[in-house]
Structure formats: structure tokens, C-alpha cells
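This report concerns one protein structure and is intended to be read beside its sequence and coordinates.

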Amino acid sequence: MIGVIGKNGAGKSTLLQLINSDLVPIKGQIQRIEQNLKVTMVEQETESLSSGDQTIFEVKLLEKWHVPVHDFSQLNGGEKRKARLARGFSNEADLLLLDEPTNHLDEQSLELLKIQIKNYKGNIILVSHDRYFLDAVATKIWSIEGKNLIEHKGNYTSYMEFRKQKRLTQQREYEKQQKMVERIEEQINELTSWSKKAHAQSTKKEGFKEYYRVKAKRMDAQVKSKRKRLEKELEKAKVEPVEPEYTVRFSINANHKAGRRFLEVRNLAKSFGGRTLFKDVNFTIQHGEKVAIIGPNGCGKTTLLKVIVGEERFDGDMWISPSAQIGYLSQDVFDLPLDQTPEQLFFQETFEARGKVQSLMKHLGFTASQWKEPIRNMSMGERVKCKLMVFIMEEKDVLILDEPTNHLDLPSREQLEETLAQYNGTLIIVSHDRYFLEKTTTHQLVIMNHRKQKQPNEWPRERDQLDELRLKLETERQEVLGKLSFMTPNDPAYRELDKRFKELTEEIKNFCNR
């Protein structure tokens, strides 16, 4: 099972589309050794899914994953994802391509997906930003970095350790090369100085001109020889400097003054297609509170957000502060004006204002050329960033975010996490990422038995304890690897350190399978 990783816009989805023959490569070719190879792709997002004949296997998967028998348009994000995954797995292809399969899925659905992948008889190539998921299922990593594809045998954690060591080695070699260049340049400068002095003396001292002229020529020849030596050394072992790590930087402020209460609901109820999502719901959210809405797929989390922002009807009473300036980030990545460019979407009259927007885009990881490219050409993660830009620029005092980490690469997730933790407005988030919610929210709205109950954050600590222990093991393994890199197999301590490295690797591997 191959896991494909890389930053937003690196070309991960494009790679899957090329393998699936949806796109034709501009240069080179993708050759299928087996002519009758059956390939199936489950795309990152689709607006529709044909209701063609379902196989018995697909029906069983839909039942197993608790996907209701409704039209695709009536399903929520998690149910749509599972419906499309069930269709993909039921095709029993030789090669199954999965683009961000974990988006929208709750913990139970993730576990079922892991089992389905491990039991799959064909080959799977999947794109994901979920580190834990990749560690659990991937046996090989394809990393797209700087327009190159790096292949590594192992899971995500194994690759990141390999990458770290590779970068350290490259940095050492580069520094070594620079010292060599500096040393040779110093020698060249010294010889050049002597040559100039010899030339000067050859014109001044009578009776010694020929001696100094010959000496100057000899110095010139040595300088020329040194320069050729430098050029050959660089050609033989040229080492490029280590590229800086990809980073994302942005902040969101709420400068609007508001009253004490933002939202109050009484006896709220909502049914959909004959199914009760929630009823008798009562809660209050104060301005400045950060609330997580949690619950399994299909319990009505997204519907509650739509009720709050006025996109869904409901029964009961709801009061929203009339002065609140609300920013709503939906799960939908097709609700942007896809034919517009960022220049058109974020139109600014002054040169200074345009500069601020372009600077923000740069900090979000966009290239300069994307300022004039249609949003349609952007990756799903880049589209989410475009939507976030609106909130960054407008400084909303209430943010309602539905699965905001979907499609975002790891640096973007980490920056969003840090930004929301420091955000001084009101925050309501739906997410299945427990770690993300713990870092950004202070209260929960828990959906249980069709009811919602507000309570302080009391996240399960088991995962945190496991993460902490795993981090200690990884730190120790990194230290052991660092010592081994400066030894040879003949060193007395090498055997014991190598044994400990293998033990730590096995322990970390066991953690990934928990």
C-alpha cells in the first residue's frame, strides 16, 4: 500500500489522475505492464454519484458503514464519503486509487476503513495528510517535494526520520563543501596578491625586471590552476544547500465589540427525511467561547451549523446576537466562483491593499502565478485556504467552521490550530480530529441519543498518553540513530546500539497498529 504525501498544490491528486488516465502527461509516459489492468479511482470530492446497479458487496459495505438509503445529495459529508468508498472497493480493481479517503470520517469509520484497506486483495495508492492513518496502513511512501517524487519503503514516520537524516547529511556535506571553497578561494586570493606584487615590482626595479616578470607569470599560472581545481571539485561533488522547510503563516483577529451572549436555543428540534436528528436541545454560547460539536457521522452536526447560519429550517426557538459578524466555512469546496481568479475574488482598489492580499497568499503557500489563475485549477486544500482568506481579511467576530482541516496539508493544519487557539472571537467547530479540537476549543456540544449536551472539554486521555510515550520512543531512536551515523560496524558499541535501534523501531511499529 503506497501513501502519497506532499504540500497542498504539489500535484498529488494530479498524479492519481495521470495513473487513472484522466490526464495525459505533457512529458514522458505512464506504462501499464499488464494490458488488462483494472484501475478504479475514488476522487477527493464529487458533487454527485450515479445510482447505478449496486453489487451485493457494495450493499453490504453500505450497511456495515451505516450509510442510509437516500439520494446522494441528501447524505451528509461522512455518508457521501463512505458511499463513494463503498463503490470504489466493490469494483474489486487491481489498482485502487484513493484521494484523501479519511476526510469527513469519524473514528469508528476510520477503523473500518483501515480494516478494509488491509484486507484488500489488490494494490492501493492513496493520498492523505493523516499521519496516524498513513502509519497504520502504508508500506511505502511517495513524497512529492520540489517537483520530484521520492520513494521510501516504510510508513510515514519511517520516511520522516529518513528525510530528517538525509537533510542533516546534505547540510553537513554542503558546509564541508563551502569550507573547501573558502579554503581554495583564500589560497587563490593569496596567490593573486603575490602575483600583483610581482607585476608591480617587475616595472620598478632595474636589473630585476625579468626575475619578477617570470615570478609574476608563475603566480598567474598557479592562480589559474587553483581555479580549475576548484571548478573540478565542485563539478565532482556539487552539493546544493538544504531548502528551507515549507511553512504557512497567518492570523485571524476579531476586532468587533459584542455583547455577552452570542447564541441561545430552546427546545430546538430537526428531522430530515423522516429521521430525527436532534430534539429538545437547549444551550447557550457566550461571546468568546470556543465550542466543539462532536458526534458520529450522520448525527446532525453539519445540520446544526446550517440551522445557526439560517440555511436550514427548524422547530423550537433560537436567538442570535444581531450585532454578531459571522464567518461560516462549509465543507463544500465547490461553492467558490471557480472561474474567477484570486485577483478577481479579492479585488482591491489600491496597490497597497492588493499587496497585502498577495503577501497573505504567499504566506499561505500560494505561488505568484496563482494570483491570475482560475480557482478551478487549484487543489482542494488551496480552495479551503481561499475561503479562510475571507475570514482573515474581514476579521469576523464569530467563526463557524465545518471540518476546517479537511484537505489541508500538515503545516497548514498546524498553523490553523495555532491561529484558532489565539483567536479572540467566538468559535464553533465541527471536526473529527480530537487533537485539533483539544488545542482549539474549551467546551463541547456532545450529540447523544438525538440530544445535545454542552459541557467543558474532557477529552479521552488514552491517545494523548500513547502519543507522549510514542514521542519518547521516537526521540530515543533518533538519538541512537545519530550515534550510529558516526560509527562503523567495527566500533565496540555499534552492536548494542544497532540492537536497541531495532527494538525501538519494533515498539514504534506496534504503536502504529493500536
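The paragraphs below proceed from the whole chain to selected helices and residues.

**Overall description**

The structure is a predicted model. The protein has 15 helices and 15 strands, and buried residues account for 44% of its 514 residues. Among contacts between residues at least 6 apart in sequence, 69% join residues at least 24 apart.

**Helices H10 and H11**

Two packed helices are described by the angle between their axes and the distance between the axes. For helix H10 (residues 351-363) and helix H11 (residues 380-394), the axes come within 11 Å and cross at roughly 130°. Because angles of 65 to 115 degrees count as roughly perpendicular and those over 145 as roughly antiparallel, this value makes H10 oblique to H11. The crossing of the two helices is right-handed. On the H10 side, Val357, Leu360 and Met361 take part in the contact, and they meet Met389, Ile392 and Met393 of H11.

**Helix H12**

Helix H12 covers residues 410-422, which is 13 residues. The buried residues of H12 are Leu410, Ser412, Arg413, Gln415, Leu416, Glu417, Thr419 and Leu420. This set includes the leucines Leu410, Leu416 and Leu420, together with Arg413 and Glu417.

**Ser412 and its surroundings**

Which residues does Ser412 contact, leaving aside its neighbours within four places in sequence? They are Asn8, Tyr246, Val248 and Lys385. Ser412 is found in helix H12. Ser412 counts as buried because its relative accessibility is 2%, where buried means under 20%.

**Cysteines and accessibility**

A disulfide is a covalent bond between the sulfur atoms of two cysteines. A search of the whole structure finds zero disulfides.

| Residue | Relative accessible area | Class |
|---|---|---|
| Cys299 | 10% | buried |
| Cys386 | 0% | buried |
| Ser412 | 2% | buried |

Cys299 therefore counts as buried at 10%, and Cys386 is buried with a relative accessible area of 0%.

Terms used. Residues are numbered from 1 along each chain as its sequence is written. This is a predicted model: local features need pLDDT of at least 70, side-chain atom pairs count only at pLDDT 80 or more; totals for chains, interfaces and linings use all residues. Side-chain values use heavy atoms; hydrogens and water are left out. Helices (H or I, at least four residues) and strands (E, at least two) are DSSP runs, numbered from the N terminus. The expected span of a helix is 1.5 Å times one less than its number of residues. Buried means under 20% relative accessible area, exposed over 50%, partly exposed in between (1.4 Å probe, protein chains only). A disulfide is a pair of cysteine sulfur atoms within 2.5 Å. Contact means heavy atoms within 4.5 Å. Axes are lines fitted to C-alpha atoms, for helices over the stretch in contact, and angles run from 0 to 180 degrees between N-to-C directions. Angles under 35 degrees count as roughly parallel, over 145 as roughly antiparallel, 65 to 115 as roughly perpendicular and the rest as oblique. A crossing is left-handed if the near helix is turned anticlockwise from the far one by less than a right angle, and right-handed if clockwise.
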